[in-house]
Amino acid sequence: MRFGVDTFIWSEVFSEKDLWVITKAEELGFSTIDIAIAHPETFPTALVKAELAKTKLEVVTTTTLDAKTNLISPDEAIRKNGVEALKRLVDINKELGSTILGGVNYAGWGCLSGKPKTDEEWNHSVEAMREAARYAKETHPQLRICVEPVNRFETHFINTAEEGVRYCKAVGTGNMAVHLDRFHMIREETSYREAVLTCGKDYLGYVHVCENNRGIPGTGLVPWEEFFTALHEIGYEGPCVIESFDPSFEELNANCAIWRKFADTGEELAVQGLANLKRIAAGLGV
């Protein structure tokens, strides 16, 4: 089992000033780094690639769309903005050598309608994603676009593993998968094991190993033994990445509702979480 860390541990909007966290992640014992790309139009791709070359880290990326790039918007221009943003992210992933693009990449994060998703929203998103996924298949065929089901307070569009798999099948390009995150799963699933089995090896593309309160993994309510055993059962081979946020963040906190610290620093949270998760996995022999 390979464990990684998200750059959100250190930085809200990854930029040139944050390049140092790449080598730091490897120094701390992580094998994978998830670079959260909030603004692909200003992302320092060449500099990041150069820093990654100094390490043996596996790199993956995540993103979130917003009101200006919302694939479920009734405004065609906004949906086109979203497709272009996704295509730009595909290009970035190709340049970095990443084979995973996860996150809330199917709708505007936090863009809640106040009612259940509609067929129109579903069709808008599927059609837009299909264009982006076809572009990925043509230009970066190793990439899987992994959709992250998140909790009901952050989207009304995809909340469960079942919805994520159904969405991937609807897009139908063969390079889509589901990105499961324990923080969201504990609110929306009825069984960790069943959610993993719903995805199976074919559709589980990426995993975030967050605690139920986004605190230190292994100190809360998440049934890690059940979850890791299920991952082993389906033969999941991807990374398991720790993600959390700091209450000093400005863009993210309204949606994430992070109002207090769970460790003195994000780095301490990640390091302690890594030790806990390694111990649990070792005890299970996975």
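Is Phe157 buried or exposed? Phe157 is buried, since its relative accessible area is 0%, and buried means under 20%. This briefing concerns a predicted model. It covers the nonpolar core, the aromatic rings and the cavities of the structure.

**Nonpolar core**

- In soluble globular proteins, nonpolar side chains tend to be buried together.
- The largest nonpolar core here comprises 92 residues.
- Tyr106, Met129, Tyr167 and Phe228 have the most contacts inside this core.
- Helix H4, residues 119-139, gives the most to this core, contributing seven residues.
- Beyond its neighbours within four places in sequence, Met129 is in contact with several residues, including Leu71, Leu86, Tyr106, Ile145 and Tyr167.

**Aromatic rings**

- A pair of aromatic rings is described by the distance of the centres and the angle of the planes.
- Twelve aromatic pairs are present in the structure.
- One of them joins Phe157 and Tyr167 in an edge-to-face arrangement, with 6.1 Å centre to centre and 85 degrees between the planes.
- Phe157 lies in the loop between strand E5 (144-147) and helix H5 (161-171), whereas Tyr167 belongs to helix H5; the two are ten residues apart.
- Tyr167 is also buried, because its relative accessibility is 0%, and the limit for this class is under 20%.
- Elsewhere, ring pairs link Phe3, Tyr192, Trp224, Phe227 and Phe228 into a cluster.

**Cavities**

- The whole structure contains three cavities of 30 Å³ or more.
- The volume of the largest cavity is about 90 Å³.
- Its lining includes Ile9, Phe245, Asp246, Arg260, Lys261 and Thr265.
- By type, the lining of the largest cavity divides into six nonpolar, three polar and three charged residues.

Conventions: Residues numbered from 1 in each chain as written. Predicted model: local features only at pLDDT ≥ 70, side-chain atom pairs only at ≥ 80, totals over all residues. Heavy atoms only, no water. Core = buried A, V, L, I, M, F, W, Y, C linked by side-chain atoms within 4.5 Å. Buried < 20%, exposed > 50% of the residue type's maximum accessible area, 1.4 Å probe, protein only. Helix = DSSP H or I, 4+ residues; strand = E, 2+ residues; numbered from the N terminus. Contact = heavy atoms within 4.5 Å. 1 Å grid on protein atoms, 1.4 Å probe; cavity = no way out; pocket = protein on both sides within 12 Å on 5 of 7 lines; lining within 4 Å. Points joined across faces, edges and corners; volume = space filled by probe spheres on them. Nonpolar A, V, L, I, M, F, W, Y, C, P; charged D, E, K, R; others polar. Phe/Tyr/Trp six-rings, centres within 6.5 Å; stacked < 30°, edge-to-face > 60°.
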